[in-house]
Amino acid sequence: ITYLLILNLLCGFTIPAPLIPIWWKWFYWINPLAYAINALLSSQNYCVGSDCPLVVVTNQASGKSQVMTVWEYLSSTYGLYYEHIWLWVGVLIFAIFLVRAVTAYALTFICYVKR
């Protein structure tokens with residue numbers, strides 16, 4: 001359960017990727033959930049043009065408001081890049097095959113039947 005808590009905490013959504021402490025950054029880069037969230041947010045919210053949805057962002061320190069598109073807000077807050085979406089999908093596919101290969105290898109050593 002502790003592993004899942006850290007996995008979810010350092011996936012880049014609860015704590016945005018640019019704000020993760022440097023000593024935990026390595027876990028962010030090996031976390032497959034981070035790649036899944038980056039790919040999902042990028043593919044669902046990327047927008048270019050004049051008909052993009054807008055959001056009003058208020059700076060709590062100064063009280064000033066700024067209007068920007070949803071994609072501009074997400075890319076500036078979470079450090080997303082739409083150009084890397086296929087890299088993130090590739091890492092997810094590699095992670096799936098890696099987990100399956102390690103599981104298949106480990107199952108060759110497990111024998112529940114004692115003769």
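Student: What order do the elements of the protein chain run in, from the N terminus on?

Tutor: In this predicted model, they go α-α-α-β-β-α-α.

Student: What makes the chain more spread out than a compact globule?

Tutor: Set the two values side by side. The radius of gyration is 19 Å, while the globule rule gives 13 Å for 115 residues. The chain is well over the rule, so we call it more spread out than a compact globule. The C-alpha trace also spans about 75 × 30 × 20 Å along its principal axes.

Student: How much of the chain counts as buried?

Tutor: Of the 115 residues, 24% do. As for the surface, the chain exposes about 8,800 Å², and carbon and sulfur atoms supply 68% of that.

Student: On to the rings. How many aromatic pairs are there?

Tutor: The count comes to nine.

Student: Is Phe27 buried or exposed, and how do you know?

Tutor: Buried means under 20% relative accessible area. Phe27 has 9%, so it counts as buried. Trp24, at 32%, is partly exposed, because that value falls between the 20% and 50% cut-offs.

Student: What makes Tyr46 and Tyr82 a stacked pair?

Tutor: Stacked needs planes under 30 degrees apart. Here the angle is 10 degrees, with 3.9 Å centre to centre, so by that cut-off the pair is stacked. The pair also links distant parts of the chain, as the two residues are 36 residues apart. Tyr46 sits in the loop between α3 (32–45) and β1 (54–58), and Tyr82 in the loop between α4 (70–78) and α5 (85–107).

Student: Why are Tyr46 and Tyr82 called partly exposed?

Tutor: The label covers values between 20% and 50%. Tyr46 has a relative accessibility of 34%, so it qualifies. Tyr82 has 31%, so it gets that label too.

Student: Which residues do ring pairs link into a cluster?

Tutor: Tyr3, Trp24, Trp26 and Phe27.

Student: And how do you know that Lys25 lies over the face of Tyr28?

Tutor: The distance part of the rule asks for NZ of Lys within 6 Å of the ring centre, and the angle part for within 35 degrees of the ring normal. Lys25 is at 5.4 Å from the ring centre of Tyr28 and is counted as lying over its face.

How values were computed. Residues are numbered from 1 along each chain as its sequence is written. This is a predicted model: local features need pLDDT of at least 70, side-chain atom pairs count only at pLDDT 80 or more; totals for chains, interfaces and linings use all residues. Side-chain values use heavy atoms; hydrogens and water are left out. Helices (H or I, at least four residues) and strands (E, at least two) are DSSP runs, numbered from the N terminus. The radius of gyration is taken over C-alpha atoms; the globule rule is 2.2 Å times the number of residues to the power 0.38. Buried means under 20% relative accessible area, exposed over 50%, partly exposed in between (1.4 Å probe, protein chains only). Accessible areas come from the Shrake-Rupley method with a 1.4 Å probe; for residues, only the protein chains shown count as cover. Rings of Phe, Tyr and Trp (its six-membered ring) pair if their centres lie within 6.5 Å; planes under 30 degrees apart count as stacked, over 60 as edge-to-face and the rest as tilted.
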